[in-house]
Amino acid sequence: MSWDVAIVRIRGEFRPIMEVESEDYLPLGDEAAVAAAISLVFPSAQWSGSAWAVYYGPDFEIEFGFEHLASSNSVLLHVHGSGDPIPSILGLTER
């Protein structure tokens with residue numbers, strides 16, 4: 001199974017993305033800060049340059065891409081496998 005996740009930071013309370021105004025999107029931080037957060041939560045992630053990493057977890061893998069960090073304040077995750085990455089992804093969002 002494969003799916004994508006976009007991590008964003010918004011002003012205000014959690015709500016459906018359709019209710020988020022463009023001015024409510026907040027920066028996640030610079031590339032170094034986001035990479036540090038990923039490395040804290042996924043310490044065995046393998047980095048390819050400063051803007052791409054892959055984490056091989058139990059029965060799943062996650063690819064992290066920063067290609068939209070500056071332009072849309074988001075990090076894109078490509079998730080593959082049958083395991084449950086959700087607790088780890090939620091841990092990353094708390095960083």
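1. β1, α1 and α3 each supply at least two residues of the lining of the largest pocket. β1 gives the most to this lining, with seven residues. Helices (H or I, at least four residues) and strands (E, at least two) are DSSP runs, numbered from the N terminus. The model is predicted: local features need pLDDT of at least 70 and side-chain atom pairs count only at pLDDT 80 or more, while totals for chains, interfaces and linings use all residues. Residues are numbered from 1 along each chain as its sequence is written, and side-chain values use heavy atoms, with hydrogens and water left out.

2. The largest pocket holds about 720 Å³ of space. There are 26 lining residues, and the closest to the pocket centre are Ile 7, Val 8, Arg 9, Leu 28 and Thr 93. On a 1 Å grid over the protein atoms alone, a pocket is an open set of points where a 1.4 Å probe fits, with protein on both sides within 12 Å along at least five of seven lines; lining residues have an atom within 4 Å of a point. Grid points are joined across faces, edges and corners, and the volume is the space filled by probe spheres set on the points.

3. By class, the pocket lining has 20 nonpolar, two polar and four charged residues. Ala, Val, Leu, Ile, Met, Phe, Trp, Tyr, Cys and Pro count as nonpolar, Asp, Glu, Lys and Arg as charged, and the others, Gly among them, as polar.

4. The sheet is open and has six strands in the order β2-β1-β6-β5-β4-β3, with antiparallel pairing. β2 and β3 (46-47) are the edge strands, each pairing on one side only. Two strands pair if DSSP finds at least two bridges between them. Seven bridges join β1 to β6; Val 5 stands opposite Leu 77 in β6, and Ile 7 has Val 75 as its bridge partner there. β5 and β6 pair over six bridges, also in the antiparallel sense.

5. The largest nonpolar core has 20 residues, and those with the most contacts inside it are Ile 38, Phe 42, Ile 62, Phe 64, Phe 66, Leu 77 and Leu 92. At least two core residues come from each of β1 (2-10), α1 (31-41), β4 (52-57), β5 (60-65), β6 (74-81) and α3 (86-94). The largest share, four residues, is from α1. A nonpolar core is a set of buried Ala, Val, Leu, Ile, Met, Phe, Trp, Tyr and Cys residues joined through side-chain atoms within 4.5 Å.

6. Which residues does Phe 64 touch, not counting residues up to four places away in sequence? They are Ile 38, Phe 42, Ala 51, Trp 52, Ala 53, Tyr 55, Leu 76, Leu 77 and Leu 92. Contact means heavy atoms within 4.5 Å.

7. Glu 63 lies in strand β5 and stands opposite His 78 in β6. Glu 63 counts as buried because its relative accessibility is 18%. Buried means under 20% relative accessible area, exposed over 50%, and partly exposed in between (1.4 Å probe, protein chains only). Leaving aside neighbours within four places in sequence, the contacts of Glu 63 include Trp 52, Val 54, His 78 and His 80.

8. Asp 24 is in the loop between β1 and β2 (25-26). Asp 24 also counts as buried, at 13% relative accessibility. Glu 63 and Asp 24 are 26 Å apart in space, C-alpha to C-alpha, and 39 residues apart in sequence.
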